[in-house]
Amino acid sequence: MPDSVSPKKQSPSLKARALRLLSQREHSRAELAKKLSDYLSLQAKVDRARNAQDRDQELSQADTPALSHEVQITAVLDDFEKRGWLSDARYAEALVRRRSERYGMRRIKDELQRAGVASDSSAALLDGLKNTEFERAKELFERKFGGIAEDQKIRARQYRFLVSKGFNPEIVAKVIGGRQKGAE
């Protein structure tokens, strides 16, 4: 083997990396694009560190990779959407299914927005959550606390717990204050 050709570990292609990420769990388009962008940026830094012989060449090529990375990522994501491997609607359904037992509508809506899922595509899912908000809050409350506390401080803590989980404060007030101990 010639000295000029050194065996180095080849990194997976961008498509292979995206497919591996999608095989682990559903991702939104924006989330997957960010992960792939971070990966390509890291790869570019590693490559520049390995080949840092000509400083002028590095400086002249500094802006080019970011643009080509964006184009590469967009092409891969478009291809995956055409094939049905990537879907924001499917991601939203999976997230709602995973989180609905433990979290309220506000928290789930915030997670969908952070993941870059369009609000119009998740509106139907959020409407379904709104209809079951009271039942889900009541179930979580009973699993966590068992019953309503007599002490006002503890009731306030129970209230804050449910609100911190993303449940609507009015619904939490109904769950905690709407029924007294022994009234069932």
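Select arginine 136 and the residues around it. Not counting residues up to four places away in sequence, arginine 136 touches Ser100, Tyr103, Gly104, Met105, Leu129 and Phe167, where contact means heavy atoms within 4.5 Å. The model is predicted: local features need pLDDT of at least 70, side-chain atom pairs count only at pLDDT 80 or more, and totals for chains, interfaces and linings use all residues. Residues are numbered from 1 along each chain as its sequence is written, and side-chain values use heavy atoms, with hydrogens and water left out.

Stay on arginine 136, which is found in helix H7; helices (H or I, at least four residues) are DSSP runs numbered from the N terminus. Arginine 136 counts as buried, because its relative accessibility is 10% (buried is under 20% relative accessible area, exposed over 50%, partly exposed in between, with a 1.4 Å probe and protein chains only). Now show the backbone oxygen of leucine 129: a polar atom of the arginine 136 side chain lies 3.2 Å from that oxygen.

Next, colour the aromatic rings. The structure holds three aromatic pairs. Rings of Phe, Tyr and Trp (its six-membered ring) pair if their centres lie within 6.5 Å; planes under 30 degrees apart count as stacked, over 60 as edge-to-face and the rest as tilted.

Go to phenylalanine 80 and tryptophan 85. Their ring centres are 5.1 Å apart and their planes stand at 70°, so this pair is edge-to-face. Phenylalanine 80 is buried, with a relative accessible area of 1%, whereas tryptophan 85, at 35%, counts as partly exposed.

Then select phenylalanine 141 and phenylalanine 145. With centres 5.4 Å apart and planes at 45°, the pair is tilted. Both residues lie in helix H7 (residues 119–145), four residues apart, about one turn of the helix. Phenylalanine 141 is buried at 0% relative accessible area; phenylalanine 145 counts as partly exposed at 22%.

For a charge over a ring, select arginine 17 and tyrosine 39. Arginine 17 lies over the face of tyrosine 39, 3.7 Å from the ring centre; the criterion is NZ of Lys or CZ of Arg within 6 Å of the ring centre and within 35 degrees of the ring normal.

Last, show helix H5 (residues 88–99) and helix H6 (residues 105–114), which pack at an angle of about 150° with their axes 11 Å apart. Axes are lines fitted to C-alpha atoms, for helices over the stretch in contact, and angles run from 0 to 180 degrees between N-to-C directions. Ala92, Leu95, Val96 and Arg99 of H5 make the contact with Ile108, Glu111 and Leu112 of H6.

Terms used:
Helices (H or I, at least four residues) and strands (E, at least two) are DSSP runs, numbered from the N terminus. A polar contact is a pair of N or O atoms within 3.5 Å; within protein, one must be able to donate a hydrogen and the other to accept it, and residues adjacent in sequence count only if both atoms are side-chain atoms.
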